[in-house]
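Please read them with the coordinates open.

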Amino acid sequence: MRPSMTGLEISRRRQESIEFQSPFPSRSCFRSRSLMASAASAPSRAEVLSLFRSLLRTATKFTDYNVREYVRRRTIDGFRENWGLSDPSSIASAFADGRNQLEVAKRQVVVYSLYAPKIKNVMEIRSG
Amino acid sequence: MAAAKHLSLLRRAIPAGRFLSTATAAVVDPPPPMVVEDDVISMKGVRISGRPLYLDMQATSPVDPRVLDAMLPFYLSRYGNPHSRTHFYGWESDAAVETARAQVAALVGANPKEIFFTSGATESNNISVKGVMHFYRDKKRHVVTTQTEHKCVLDSCRHLQQEGFDVTYLPVRPDGLVDLDRLAASIRPDTGLVSVMAVNNEIGVVQPLEEIGRICKEKGVPFHTDAAQALGKIPVDVEKMGIGLMSLSGHKIYGPKGVGALYLRRRPRVRVEPQMSGGGQERGIRSGTVPTPLVVGMGAACEIAMKEMEYDGRRIAALQERLLNGIRSRLDGVVINGSVEHRYAGNLNLSFAYVEGESLLMGLKEVAVSSGSACTSASLEPSYVLRALGVDEDMAHTSIRFGIGRFTTEAEIDRAIELTVNQVEKLREMSPLYEMVKEGIDIKSIQWAQH
């Protein structure tokens, strides 16, 4: 159980939260925009880390070698790129975007696994 | 009497003009399907242990999962025809098409009203070349293009020649770039179109579009460019480059196959004669139902490309360096076809000296690459693009085109280097020509004895 924190510490933690740009751009106009409104408050560090971990976990589930590697790489590079974002509204919109993209990735994991080819990619076969 | 009846029955059963032969008719068997046993694929006489790693991005690119996600709803529940004005299905489909149009327009700096969806860059090229010249056929009888254009442009020009138009096929310099002075000199008062592709699909050379656009604007000639390989990879701006018509392709930017777009400038207006007659869809430029899922996919791909262009560009340039250094550090006699400075990084066309092309490809079956020559087809002619560059026949035969893309990994590049270097070394070891070269004999000076 953590000792109680002062208000100053809480706001400092918020400032330190890992900023990121979503690796996936926003979806087409048919996606509801309500997510933007609900994300008006900046996400906490824990939420951001949780999103990062979810994206990486989802990446490992792809059956296609190239897509798997791309999602993993783009997530890490995307989060690293936006380490320095400080404006709370851009953090919030990026977080909402990231959450949208996590949903896209989860759906696509299912689609790719339904049609996975029976033969593996040569990169996945351990060669002598 | 009975025999005659039988004969007449027989005659009716057999189509007129055919006689009954006792030999069994030659049945053409369909090609044997792919055989998979114990995780080894056997196809066309080749056995490979798994799906090859893909390094042929100029031929086509894999569909990005984000694009697929945008497309699927339009195959499942939102299946309306965008031209249906009377119900919700049509309205939502139309809204999706217009969104996609705006996404494509944003990538090239155009107005959405200037984008028309077609079935691909080939159709867009046809509309551009034949459509423009047919529209202005009374006043304009001349077309200027280059020798390294895509087959669809060259074939359209040949078609125009048969109709009586004049076509100038400009030669290119050995580095693949077009000579701007020759271009300016070849434009006549009756020139109706100048067509130069932005990025060449075989050698990856990037033409100086801004300069060409400026020349065409001065002379008042519409400038058409085939930007199928350039879209989403290098920044394309129709205003800065003075482009009048542009052909775009969906499946080269991680979008679906079967869709493309045509950019037609509105100010000053470029008019074309439509090649597809029908209900006047796409403002009469291209009739036919607009395929909503494909168009939505192309729009999504363009939006993604706009956001990822810088990241992908950096990454692909680094991968190209890695590939080139990896091969060059272990092999000599490696020549890059086309200019090194004015090149799109994702296209690397290499020729390996003293190696026979067909055998090189046979050994590279675990890497999906393309060759510069047509030696995989029936004719043994080297590619016309390499011939236009002035590459020797033997070097043209051994050219390999590596295509690097958004999804290519470092591990794939390393594996490709391994496989290529091993195969080339193996072939050179067997090659008597290479032995002579190593001893210092100049091959070109050899007098081959005739028996």
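Is Tyr434(B) buried or exposed?

1. Tyr434(B) is buried, with a relative accessible area of 13%. The cut-off for buried is under 20%, so the assignment follows directly. Its ring partner is Tyr354(B), and the pair is tilted. The centres lie 5.7 Å apart, with 40° between the planes. Tyr354(B) counts as partly exposed, at 34% relative accessibility.

2. A word on confidence. This is a predicted model. It scores ipTM 0.86 and pTM 0.85. Chain B averages a pLDDT of 90, and 90% of its residues score at least 70. Where pLDDT is low, the predicted coordinates should not be read in detail.

3. Now the sheet that holds β13(B). It is an open sheet of 4 strands, in the order β12-β13-β16-β15 (chain B). The pairing is antiparallel.

4. How many residues of strand β13 (residues 347-352) of chain B are buried? The count is 6 of the 6, so the strand is largely enclosed by the rest of the structure. Asn347(B), Asn349(B) and Ser351(B) point one way from β13(B). Leu348(B), Leu350(B) and Phe352(B) point the other way. Side chains of a regular strand alternate between the two faces of the sheet. Here one set is Asn and Ser, the other Leu and Phe, and all are buried.

5. Strand β12 (residues 334-336) of chain B pairs with β13(B) in the antiparallel sense over 3 bridges. In that pairing Val335(B) stands opposite Ser351(B). Ser351(B) has Ser399(B) as its bridge partner in β16(B). Leu350(B) stands opposite Ile400(B) in β16(B).

6. Chain B also has an open sheet of 7 strands, ordered β5-β11-β10-β9-β8-β6-β7, with mixed pairing. Its edge strands are β5 (115-118) and β7 (166-170) of chain B, and each pairs on one side only. The twist averages 20° from one strand to the next. Helix α8 (residues 209-219) of chain B packs on the sheet. Helix α8 touches β8 (191-195) and β9 (223-226) of chain B, and its direction makes about 155° with that of β9(B).

7. β5(B) pairs with β11(B) in the antiparallel sense over 4 bridges. Thr118(B) stands opposite Gly260(B) in β11(B).

8. Strand β11 (residues 260-264) of chain B also pairs with strand β10 (residues 245-249) of chain B. That pairing is antiparallel and spans 5 bridges. Leu248(B) stands opposite Ala261(B) in β11(B).

9. Back to the rings. The structure holds 7 aromatic pairs over all chains. One of them is Phe135(B) with Tyr136(B), an edge-to-face pair. Centre to centre it spans 5.1 Å, with 75° between the planes. Phe135(B) counts as partly exposed at 35% relative accessibility. Tyr136(B) is partly exposed as well, at 27%.

10. Ring pairs also link Tyr70(A), Tyr254(B) and Phe407(B) into a cluster. In chain A, UniProt places the feature "domain: Complex 1 LYR protein" at residues 47-104, in an unreviewed entry. This span is 84% helix and 0% strand. Its end C-alpha atoms lie 18 Å apart.

Notes:
Residues are numbered from 1 along each chain as its sequence is written. Chains are lettered from A and ligands numbered from 1 in the order in which they are written. This is a predicted model: local features need pLDDT of at least 70, side-chain atom pairs count only at pLDDT 80 or more; totals for chains, interfaces and linings use all residues. Side-chain values use heavy atoms; hydrogens and water are left out. UniProt positions are given in the numbering used here, feature names are shortened, and annotations may be inferred rather than shown by experiment. Helices (H or I, at least four residues) and strands (E, at least two) are DSSP runs, numbered from the N terminus. Two strands pair if DSSP finds at least two bridges between them. Axes are lines fitted to C-alpha atoms, for helices over the stretch in contact, and angles run from 0 to 180 degrees between N-to-C directions. Contact means heavy atoms within 4.5 Å. pLDDT is the predictor's confidence in each residue, from 0 to 100. Buried means under 20% relative accessible area, exposed over 50%, partly exposed in between (1.4 Å probe, protein chains only). Rings of Phe, Tyr and Trp (its six-membered ring) pair if their centres lie within 6.5 Å; planes under 30 degrees apart count as stacked, over 60 as edge-to-face and the rest as tilted.
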